[in-house]
Protein chains: 2
Amino acid sequence: MYGVRVSSSKRPRLQRHDVVEAAVALADEVGIDALSMRTLAQRLDVVPMALYKHVANKDELLDAMVDHVVGEIEPAGPDENWRHGIRSRILSSRAALLRHPWAPGLIETRTQASPVVLDHMEAIAASFRAGGFSVDLTHRAMHAIGSRMWGFTQEVFPTQQPAQDETARDQQFGEWMKRYPRIVEMATEIGGGGGCDAHEEFEFALDLILDGLERIHRESARADG
Amino acid sequence: MYGVRVSSSKRPRLQRHDVVEAAVALADEVGIDALSMRTLAQRLDVVPMALYKHVANKDELLDAMVDHVVGEIEPAGPDENWRHGIRSRILSSRAALLRHPWAPGLIETRTQASPVVLDHMEAIAASFRAGGFSVDLTHRAMHAIGSRMWGFTQEVFPTQQPAQDETARDQQFGEWMKRYPRIVEMATEIGGGGGCDAHEEFEFALDLILDGLERIHRESARADG
DNA sequence: ACCTGAACACCGTTCAAGT
DNA sequence: ACCTGAACACCGTTCAAGT
């Protein structure tokens with residue numbers, strides 16, 4: 001009571017896993033920009049330098065965070081159909097990454113691929129190959145899927161924050177109508193809300209690419225046979 | 001002589017444009033991470049605070065840098081064919097962005113779209129609409145293209161740096177062969193070099209998407225007629 | 001041998017004191 | 001009115017001094 005903390009000697013020794021887990025949780029709460037070695041240490045009730053026992057530097061911590069998130073992907077069981085297998089793996093990847101909005105940005109900036117990341121890519125490539133894709137077409141297919149293999153796409157539509165007072169807002173809208181009519185009609189298209197179902201858009205684009213790949217694969221198979 | 005500088009009063013007054021241009025050049029040279037308000041000020045032979053006369057803060061500077069790069073895109077003339085028009089605009093966008101490797105990452109992280117950015121998107125959307133695409137299909141098409149509308153794709157293949165000594169490298173390669181056979185065969189596929197033609201891959205994926213859109217568009221037009 | 005506080009070399013930005 | 005140096009509140013990380 002009186003807010004007196006339990007003796008710190010009672011606290012179990014910090015493990016690398018605890019550090020990474022806390023970092024992921026903190027990033028979820030406050031965003032990746034607010035995650036510093038110092039704020040993380042504070043959260044763990046530890047001196048900043050103590051973290052360096054478990055990670056060589058911040059970059060290694062970020063790598064470990066990516067691994068942690070990618071590790072949450074539930075691998076779908078093997079599927080006879082290459083397309084179903086890849087599709088469900090990607091959607092499961094999407095589900096995992098959606099829980100950690102900062103993860104896509106981190107995956108993109110990592111320079112060294114970790115084993116966990118490579119496992120995911122290997123699994124997708126193996127599905128294509130098992131489906132009869134040539135090495136070359138598999139390679140192209142991986143590029144075509146790109147970051148969508150992680151279940152995210154770069155959001156291209158800006159989140160414009162509306163002006164404060166009503167007249168300024170009307171005026172701004174009028175200007176947009178004149179200069180960006182095609183963007184405005186898209187933004188206002190759906191139920192007037194302007195928001196769009198990101199998941200539906202994701203599946204549409206994914207299927208568009210898989211359709212294309214399937215077609216090319218079929219044609220090249222016919223040409224060979 | 002003797003390294004004595006010309007009186008600083010001779011230096012023409014700094015303009016916003018100079019600041020942005022110098023920032024772009026500096027980022028090209030030393031990378032975006034090494035670009036700080038302080039290093040930029042030093043490059044311009046000016047006290048850091050002088051920059052704040054021309055940009056409100058660093059974020060606004062980054063916005064301006066994006067605008068500068070996007071402004072380098074040569075808009076292709078209007079094209080009868082929606083597909084040719086969009087394709088050439090995207091390839092011209094790619095050419096501009098390739099000169100500034102840091103630009104994609106910056107475009108992705110900007111939260112507010114600038115007029116220059118919106119102009120680019122508007123032009124592409126307008127091409128779809130002029131080609132007879134419905135508002136809804138245009139919307140989906142924009143999402144499907146995603147960041148490819150700027151001419152870049154997230155690089156998904158890791159740049160693994162090989163081990164130092166030869167035996168360690170052989171051993172590492174052996175492990176990879178066992179664990180990531182599909183990735184290894186893709187990496188070694190082309191001429192043994194392992195490098196792939198990024199531009200060819202880009203065009204392949206772009207055409208894959210445009211093919212798909214063209215097909216859907218044709219089918220929906222037939223259904224309507 | 002282990003731990004850690006102070007210190008270093010940076011950031012972006014504020015602000016008051018100078019001209 | 002304009003400019004700017006010092007200062008503030010942060011960073012990631014080093015390192016030597018403490019136990």
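The two copies meet through the same surface, because 100% of the interface residues of chain A are also interface residues in chain B. Keep in mind that this is a predicted model. Chain A can be laid on chain B by a turn of 180° and a shift of 0.0 Å along the axis, with an RMSD of 0.0 Å. The two copies are thus related as by a two-fold rotation axis.

**The cavity**

- The count comes to one cavity of 30 Å³ or more.

**The annotated DNA-binding region**

- An unreviewed UniProt entry puts the annotation "DNA-binding region" on residues 36-55 of chain A.
- That span is 35% helix and 0% strand, and its end C-alpha atoms lie 13 Å apart.

**Asp45 in both chains**

- Asp45(A) sits in the loop between α2 (37-43) and α3 (58-70) of chain A.
- Over in chain B, Asp45(B) is in the loop between α2 (37-43) and α3 (58-70).
- Watch the backbone here: phi of Asp45(A) is near 60°, a positive value in a residue other than glycine.
- Asp45(B) also has a positive phi, near 60°, and again this is a residue other than glycine.
- With a relative accessible area of 36%, Asp45(A) is partly exposed.
- Asp45(B) comes in at 34% relative accessibility, so it counts as partly exposed too.

- His217(A) is part of helix α10 (residues 198-224) of chain A.
- Its relative accessibility is 13%, so His217(A) counts as buried.
- Leaving aside residues up to four places away in sequence, His217(A) touches Trp82(A), Gly131(A), Gly132(A), Phe133(A) and Leu137(A).
- Ser92(B) belongs to helix α4 (residues 82-98) of chain B.
- Ser92(B) has a relative accessible area of 18%, and the cut-off for buried is under 20%, so Ser92(B) is buried.
- Not counting residues up to four places away in sequence, Ser92(B) touches Ile73(B) and Glu74(B).

Notes. Residues numbered from 1 in each chain as written. Chains lettered and ligands numbered in written order. Predicted model: local features only at pLDDT ≥ 70, side-chain atom pairs only at ≥ 80, totals over all residues. Heavy atoms only, no water. UniProt positions renumbered as here; feature names shortened; annotations may be inferred. Helix = DSSP H or I, 4+ residues; strand = E, 2+ residues; numbered from the N terminus. Least-squares fit on C-alpha atoms with pLDDT ≥ 70 in both. Contact = heavy atoms within 4.5 Å. 1 Å grid on protein atoms, 1.4 Å probe; cavity = no way out; pocket = protein on both sides within 12 Å on 5 of 7 lines; lining within 4 Å. Points joined across faces, edges and corners; volume = space filled by probe spheres on them. Buried < 20%, exposed > 50% of the residue type's maximum accessible area, 1.4 Å probe, protein only.
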